[in-house]
Every structure is written in C-alpha cells, then in structure tokens.
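Please look through the sequence and the model before reading on.

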Amino acid sequence: MPTRLNEVDVVIVGLGWTGGILAKELSEAGMRVVALERGGMRATNPDFAIPLIRDELKYAVRNALMQNPARDTLTFRHSPSERALPMRQLGSFLPGEGLGGAGVHWNGVTWRWTGIDHALRSHYEQRYGKAFIPADMPVQDWPMTYAELEPYYDRFERTAGVSGKAGNLRGIKQPGGNFFEQSRDRDYPLPALEPSYSQMLFGEAAAQAGYHPFPRPCANASRAYTNPDGSRLGACVYCGHCERFGCEANAKGSPHITVIPKAMAQPTFELRTHSWVTKVMLDSSRKKATGVAYTDVSTGQEYEQPAAIVALCAYAINNVHLMLLSGIGAPYDSATQKGIVGRNYCYQPGGGGVTLFFEDKIFNPFMASGAFGMALDDFHASDQFDRGAMRAIGGATIAVGQSNGRPIGYRPVPPGTPRWGAEWKKATAKWYLRAMNIGVTASNMPNRYNAYDLDPTYKNVFGQPLLRLTYNFLENDRKVVGYVGQKAAEIARSLKPTSMTNSGTLGDYNIVPYQSTHNTGGAIMGTSPKDSAVNRYLQSWDVPNVFVVGASAFPHNSAYNPTGPVGALAYWTADAIKTKFRTHPGLIT
Amino acid sequence: MSDQPNRRDFLKTVGTVGASGLAAAVGADAPAEAQTPAAAKAAPAAAPVSHAYTFLTAPEAAFIEAAVDRMIPADDLTPGGTDCGVATFIDRQLAGAWGSGDRMYMQGPWDKGVPTQGYQSPLTPAEFFRAGIAATNAYCRKTLQKDFDRLASDQQIKVLQDMEQGRVTLDGVPAQEFFNLLLAATMQGFFADPVYGGNRDKAAWKMIGFPGVIAIYSEHIKTYRNKKYDVEPKSILDLS
C-alpha cells in the first residue's frame, strides 16, 4: 500500500531548469512546494571537481549524468508501418537525470525565438499564401506574442548569466549583434566571450559575403557575475568540457547553482530525490488532479503526494509520457488525426554542415566553450529570406562554435580517409589541430505522423508502457538543410581550405548518433483545446490544476536551441500561478 | 605479426595454465613484442605492458590484440594498439559495468529492426563481443584455415575491411555491427584517459596535441589563435 502524505500547495515533478524556476518562485511566494526528482543530489563540489570531471569516457561516452534507459526509455519507429523497437541505449539525444536535470549538462546556447516563430502560421499565410503550408503540416501560432514574453526572456537571461551582444535595442539596430533579432528592452547581462580563431575567420568570411554574423548568445559567463537573485557565477575558462559535463567553475548557467539553492533556502520548500513519479492522480471527474503517485527508487516504497497544483517539469519527453500514463487529455492518433496529447513532436535536423581542413592554420579545438560561437541568422530569423525560393517552411542558422576537442569524439579527418589503420593515424595526427566546422542547424516543422503515443508491447521497470515515438525527417527538412547547407559551403569555400567535406544530405532519422537534445512538442500550447493540450499559461485544458512546463509545449521547433523560451515560459507560468491561479483556481482566461 | 611468438604459441608450449600462470606468462611476452623495430622506436620508457586480462580468454585476447594492432598499427607516431594498452582497456570495459549491459534496456521481445533503430541484440556488450570474436574466428577458419590472430597482417586487414564494408556474413552475429563496436571500443581505449588502462603514456594525446585535463584557457583563447600550444599532456592519472 502506498503511504499517503500530507497535502501541499504544489508538487513539482522534476527539478531541472523549469522545476527549479517554479520551485523558487512559488516557494518564495509562500506556497508550500514539494519537488520530486527521480535522480540524486548533485553539487559542483565534489561532483564536478577537477580532475575527475574531465573524464570523456565516463561523461561524454557512457553518459554518467543522463537518464538510465534500463529503467525507462522509449520505443522508436520511422512510420506507423514500421515496428517500434526500444532505444536500448542513449544516442541521438540525452535527457538528464538528477538535481538540475539537463540544465547541468547542457552547452548553454540561449536564444530568444524569432517573431516568425511566435506567429508561425499567420506569418506564412500572410507572406506566402495559405496553400504554401502543406495539409499534413499542422503548424500553428504560439498563444503569446514575442512582446508579451520579452520580459520573461530577459529574466531567464539574467538568471542564467547569458553572454552576448544585442542586435536590436528597443527597435534600434546595434552593430555587432544579431541584425534580425526582435527588439530587446536591454542588452545581455554579460558581454560576448572571446571568439576562437575559427569563429573570427568565419565571421570575416560571412561579413565579406554580405551576411550578418554575430556572437551566439550563451550561458557560459564571459566574466564573474552575480545574478539578480544573488547567485554567483564564475568566469568561463574555455575548458572544452561543457555539454555532457557539469561545470567545475560554476560558469555555466545551471539551476543547481542558481534557482534551486534559492528554493532550498525557503522553509516552505522540500526536495525529495530518488522520487520517481509514475502517475498524476485524478479525482472521479477526471478534471481535477489530486496529486501524484511516486516510488522512492532507493527503497522501493510507494507514496501518494496530494497537492492542489501539479507542475510537470520533467524533460519534454517525460512530460508527455506522464500525461499519457495519467490519462490527461485525449491521446493523439495519427491515423484518424483525432486527439491532442502526443502530436507535433519535432526535433532538430542537422547534417548540412561542413568541415574545413587547413595545412597552414592551427585551431586548438580543445580551447573551447560549450555555446560560444559566431552565427548568422540570414536564413532563419530574417524575413527578407524568401522561403519561396527554398520552397520550404522554416530555415536554418549557420554557425561556427568550438565546443570541444575531446579526442574520443572529436577526430576530424579529410573526406576519403579510412576510419582506422596506418593512413587514418597519419591523418588524425596531422589534422586534429587544423580543422574547423561550420554547422547548420535547421528548424523542424510538425507532420501528422511525427508523434508520440504509448507503446503496446514494451514496459518500463514499473510495468508501465514505454512511450512510443514515430518520427522521420521529411521533404521540407531536406529542402531546408540542402538549401542552407549550400550557403554554408559557399562561405567555407571562400576561406580557401586545403580540403573540405561536402555539405551532407538528410537521410532517414537515425536514433544512434548524437544529434541534439532538442525534443519538442507532444503537449503543445495554443488558444483552443481543439488544437492544443495546454493553454497559454501551459495549463492543461482538461485538468486545469496541472501545468506542463517545458519544450513539450512548442508547436514546432525553431532553428534555435530550446532553452531560452523554456526558461522564459517557466517564469511566465510561475507568474500566472502566483497572480492568477492562486486566487482563482480553474482555467486561467 | 603472425611470425612473432604470441599468446597462442605460448599456450601451446606450456599447455593449460591457471590464471596466475597466464598473467605471468604474458608478462614475459612483452619484451619480445617490444623488439619489433617500429614499436621499439616509439615505445614509452614505462614499465612493461601488462597483459593480464580478467574477461578475455586466451584465444579471445589473441584476437583482440591482433585486431587493435591492425586498427592502431605501430609506427613513428605511437606504439601499436596492444602496447598502448588498448586490449587491456577493452578487457576491463567488457568485465565492468558497460560490458554487463549497465544503462541499457535489456527487456524483450527482440527484433532486428533497421540499423537506424540502434542496438537490438539480446546480448550484453560483453556477450556480443564474445560471440563476435568466435564467429569471426569461425569465418577465418572456414575461408583461410586459421584463426584471425594467426593470419598474416595483410590478411587480418582484409578481413577487418570486409567486415567493415558488410562483405562478410558471420554465423549468428551481424558482422558490420560487431566491427563497429570493436572499432568504437578500440578508439575509446586509445584516446580515453590512461586511468582506464589504454592510451598508455598518453601516446594518443601526444600524437594529436591534446593537452589533457587541466584545461584552463582563459588567456590562451586569445594568445593561441593560430598558434600551436605545446605542453606535456596531463591526465587524471597524473593528477591523482
């Protein structure tokens, strides 16, 4: 029998960025908050201390900070006609586990999404006509404008210590920043990091070609910084162990050094680690959540935690899984296109990038920062970029980062080099220091078949059905990657490398090699329960005391990383709970 | 190096040996291997390479040593894979959590699926390696009348290339998948921190110019643009 605990005001499922922000904001407002984190405690010291944190095998290859698929994973198929099989080990994406979640091991790229992203369907219909959007591509506008969310983007940037350069301050273009960004009320809290040599070369070539390069905004602090909450960040030391690692310098904006300690200082907050939520409990009307059921995975003991508000703040994938397991909202069926929960799953097509090799240049790839980079938005945020010529919706950013030179994973060799043996060795020794990469990151539009549901066969350790993912790259993605990839290759050729790879083409989605942990959708936000699982405050239409916070709410994926709007939406939702729901429980209007 | 005395020859000579006898025996093997000209040139001045294995049986160890020496041949840049500790690394990984299927979803039912659905074998990585070695040896015996480690170097390279390119069908084991797993483990062993038993004397890091684990480049990011950063690499092992 599960042990029934005393009711609290809010139970938060998952304590990463979104859970941490809600935990801090709601507990500081005097609400009694319990956070349930299925992983363990973590602290910079000793968990991320040198030298042990610089272990590429443990953290980057064996994924020490990530979700353990032995307990729970998902199944995957490319289309409904294929048999879904379990993702038996992590690869393509890396959901986090433990205090701080993926906010500990992310790289730190922190965008505000574009005006086009916020009003996607309206924009394309107005500019290109209704027929430009394919019938099987259910794109829709966000339920709030960029301007409404602007103060919340700003708040997240301040919390996480984002380094960058404004391109548009209150409507006035700023040289050196992103020419195409939406108006910001103020600049980033920290100046951009020092660019790498590869970034400088790319920036010069891109400017020469008439594009608008700018330093990519990143939550890698360019100098020591104290955020508005009094949390202190150190300065990035360009160590090249960012993504998949915790930062020993506290220079990466992460919840375990910012919002979570602030919540933990509140007497109204309680954290329980190793607490795996299996279900949101509903009352007999199924329109009200009564709390959550969870298991302490260190003892096996089962509990029920009653709460007036349930906030799902797990990784985007797991939020959707919990909704389906709990029966919140109608499950989506791609055959009939009925139901809501599970639809609009999107990812992040890459593959259009090129690697350049120079006999006469040294790039020192190990002097690196997770997110710093030189980027251009001319084929994404720019409204001047004519999608009619590309015959596709969306776009892609082109960027030179320099995130690491860790040698198990990073060993560029010119095209045609064998993967092993004497010739491979010579090439690796010669080119390791002498290569740079120009990356292409594409947006991803929803498709009726790209969706989640519950798997009919496979179970997790609690005996619950695994989530089933149906996904593939589609024609629209191939056009975007192909088109922008050629632009990247043109810039690359202008740098006159000794040799370079071809811009790749997009085949079938492959769940094996790492691509990005940018899984979006499944519990999308909108203006009506007919086309969305949650409203503009990320509140379930069907069970209004459940809030579902994270990239699960995105109706499509931008050519940007998701964390900027994920953080902004968490603050936005926390405000809505404090100022609206708390006094008037029910659907916020 | 099929003409060099190897583990198998030794076992034939001494017959069955216990585990401790085997460890002592292969320790004695090392000087002979170090006498090969190329390896001698680049061999680190460190203690003799340990050839003590806990997971790999003697025939399996012979296979892995041969394979990693073909994938990472001794040359002016580094000693061969075995002398760099790569076989030791693989043995320890197979004996440890990863080999046992830690952090893998191991429940059935099983189906082959398509390669883009990822690993679908019911075997743990250690069991998969064991089956892959046995199946490759069976293939070599059938087509070339010898186990893999007894083939001439160029024959071994050809077998590995055929597996890599999917030109070989092994009994019960997907050849290309086994090859890819073997290659990945070999590269991990060559380039991981020496604390795991491979990358001895940081040979791989020295080869490419990776400075290792201290990695404080606050100033260097500016001062080493287009300039080589020459330092003695430091490993976890060095700092522990």
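Among contacts in chain A between residues at least 6 apart in sequence, what percentage join residues at least 24 apart? The share is 75%. The model is a predicted one.

## Chain A as a whole

Chain A contains 14 helices and 22 strands. Its radius of gyration is 23 Å, close to the 25 Å given by the globule rule for 589 residues, so chain A is as compact as a globular protein of that length.

The C-alpha trace of chain A spans about 70 × 55 × 50 Å along its principal axes. Of the 589 residues in chain A, 62% are buried.

## Helix α12 of chain A

Helix α12 of chain A runs over residues 421-431, and its buried residues are K425(A), T428(A) and W431(A). These residues lie on the same side of α12(A) because they cover an arc of only 155° around the axis. An α-helix has 3.6 residues a turn, so residues three or four places apart point the same way.

The cover over the buried residues of α12(A) comes from both chains: it includes β15 (354-357) and β18 (435-442) of chain A, and α9 (203-208) of chain B.

## Contact between the chains

The contact involves 54 residues from chain A and 52 residues from chain B. On the side of chain B that touches chain A, at least two residues are supplied by each of α4 (58-71), α8 (175-191), α9, α10 (220-223) and α11 (236-239) of chain B.

By type, the residues on that side of chain B are 31 nonpolar, twelve polar and nine charged.

Terms used:
Residues numbered from 1 in each chain as written. Chains lettered and ligands numbered in written order. Predicted model: local features only at pLDDT ≥ 70, side-chain atom pairs only at ≥ 80, totals over all residues. Buried ≥ 20, exposed ≤ 12 C-beta atoms within 10 Å, placed from the backbone. Helix = DSSP H or I, 4+ residues; strand = E, 2+ residues; numbered from the N terminus. Arc of directions from axis to C-beta. Contact = placed C-beta atoms within 7 Å. Nonpolar A, V, L, I, M, F, W, Y, C, P; charged D, E, K, R; others polar. Rg over C-alpha atoms; globule rule 2.2 N^0.38 Å.
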